[in-house]
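These are my notebook entries from one sitting with the model, kept in the order in which I looked things up.

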Amino acid sequence: MPLSVEDRMAILALVTRYNHAVDEGDVDTRSETFTEDGVWDSDTAGVVTSREAIRAHAATRAPQAHTKKHWTNSPVIEGDGDHATITQYLWLVEIVEPRRTLMIGTYHDTVRREPEGWLFAKRELRVHSRIDY
Amino acid sequence: MPLSVDDRLEILELMARYNHCADGGDGEGFADTFTADALFEGSMSSARGRAELVQVIASGGGLWKHWLNSPIIEGDGDHATAKVYLVRTGLGEDGEIGLVASGTYHDTLARIDGEWKFTHRKVHPDQ
């Protein structure tokens, strides 16, 4: 069954929930955007497997909260039934002076419909350009 | 009743209209995005009610553009809340075009006569 408009809105809402959670250092909400067996694979953090491991990883990053914001753009969503992929750009911006662009990248996400709604089964972040920060 | 896709799209369009009116100096259009007794708490000024809302914008416009990202919209029936990222771009004091401000809007909205409007819009500046 093709994705409905409601599915697409829910998947976009999952992405924005993640953005706010990571930027605010909300470890629980960030890890709960993943399935129990979820995988976080990024050029900056390596591969982290399982919601519990992602929660532990998120806790190590929480002290940096409130200094950056994740802006995502140009999402392409494709899928069927209970599975979908999203490809979208990431603009990581420093929100304290000097308000620099820290990183530009692309998320390649796989999402799955669970009883509690759409969740990330896998997030891959490939860095395109990045400054030292 | 949970918010429908139509509700969410209408709220996103309300946010876009707010940007165009604020950036274009259209005070009447800006005030139209709020209910008659709404409260706006900006980073530089506050306004309550239509007359004050019109004035907030009548004194500005043309300097910046507002950009939004990552809207979280929650609600039920005729009431909703939203959080959305904001940056303002423009010519900075250093002569460069860039981000002159950033923050997050915290919004409370209501559907009045079939149209979504802000009842309260508060900017939480990033610093």
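I began at B:Asp113, which I found in the loop between β5 and β6 (115–125) of chain B; helices (H or I, at least four residues) and strands (E, at least two) are DSSP runs, numbered from the N terminus. The phi of B:Asp113 is near 50 degrees, a positive value in a residue other than glycine. With 5 C-beta neighbours inside 10 Å, B:Asp113 counts as exposed, where a residue is exposed if 12 or fewer other C-beta atoms lie within 10 Å of its own, buried if 20 or more do, and partly exposed in between, with C-beta atoms placed from the backbone.

Before going further I noted how to read the entries. The model is predicted, and local features need pLDDT of at least 70, side-chain atom pairs count only at pLDDT 80 or more, and totals for chains, interfaces and linings use all residues. Residues are numbered from 1 along each chain as its sequence is written, while chains are lettered from A and ligands numbered from 1 in the order in which they are written.

Entry on chain B as a whole. I counted three helices and six strands in chain B, which follow the pattern α-α-β-β-α-β-β-β-β along the sequence. The C-alpha atoms of chain B fill a box of roughly 50 × 30 × 20 Å along the principal axes. For 127 residues a compact globule would have a radius of gyration near 14 Å, and chain B has 14 Å, which agrees; the radius is taken over C-alpha atoms, and the globule rule is 2.2 Å times the number of residues to the power 0.38. Buried residues make up 31% of the 127 residues in chain B.

Entry on the sheet of chain B. Six strands form an open sheet in the order β2-β1-β6-β5-β4-β3, with mixed pairing; two strands pair if DSSP finds at least two bridges between them. The edge strands are β2 (46–48) and β3 of chain B, each of which pairs on one side only. Neighbouring strands of this sheet are turned by 20 degrees against each other on average, direction ignored, with axes being lines fitted to C-alpha atoms, for helices over the stretch in contact, and angles running from 0 to 180 degrees between N-to-C directions. Helix α3 (residues 50–58) of chain B lies across β1 and β2 of chain B, at about 150 degrees to β2(B).

Entry on where the chains meet. I found 12 residues of chain B in contact with 14 residues of chain A, two residues being in contact if their C-beta atoms, placed from the backbone, lie within 7 Å. On the side of chain B that touches chain A, β3(B) gives the most, with four residues. From the chain A side, α1(A) lies across β3 and β4 of chain B and runs at about 110 degrees to β3(B).

I then checked that helix itself. At 1.5 Å a residue, the 20 residues of α1 (residues 5–24) of chain A should span 28 Å, and its end C-alpha atoms are 29 Å apart, which agrees; the expected span is 1.5 Å times one less than the number of residues. Among the buried residues of α1(A) are A:Ile11, A:Val15 and A:Tyr18. A:Gly25 follows α1(A) and has a positive phi near 70 degrees.

Entry on the hairpins of chain A. Strand β3 (residues 68–80) of chain A and β4(A) pair in the antiparallel sense over 11 bridges, and they form a hairpin with two residues between them, where A:Gly81 in the turn has a positive phi of about 60 degrees. A:Glu94 lies in β4 (residues 83–94) of chain A and is the bridge partner of A:Lys68. A:Glu94 is partly exposed, with 19 other C-beta atoms within 10 Å. β4(A) and β5(A) form a second hairpin entry, with six residues between them and A:Arg99 in the turn at a positive phi of about 50 degrees. In the loop between β4 and β5 of chain A I also placed A:Pro98, which a cis peptide bond joins to A:Glu97, with omega about 10 degrees.
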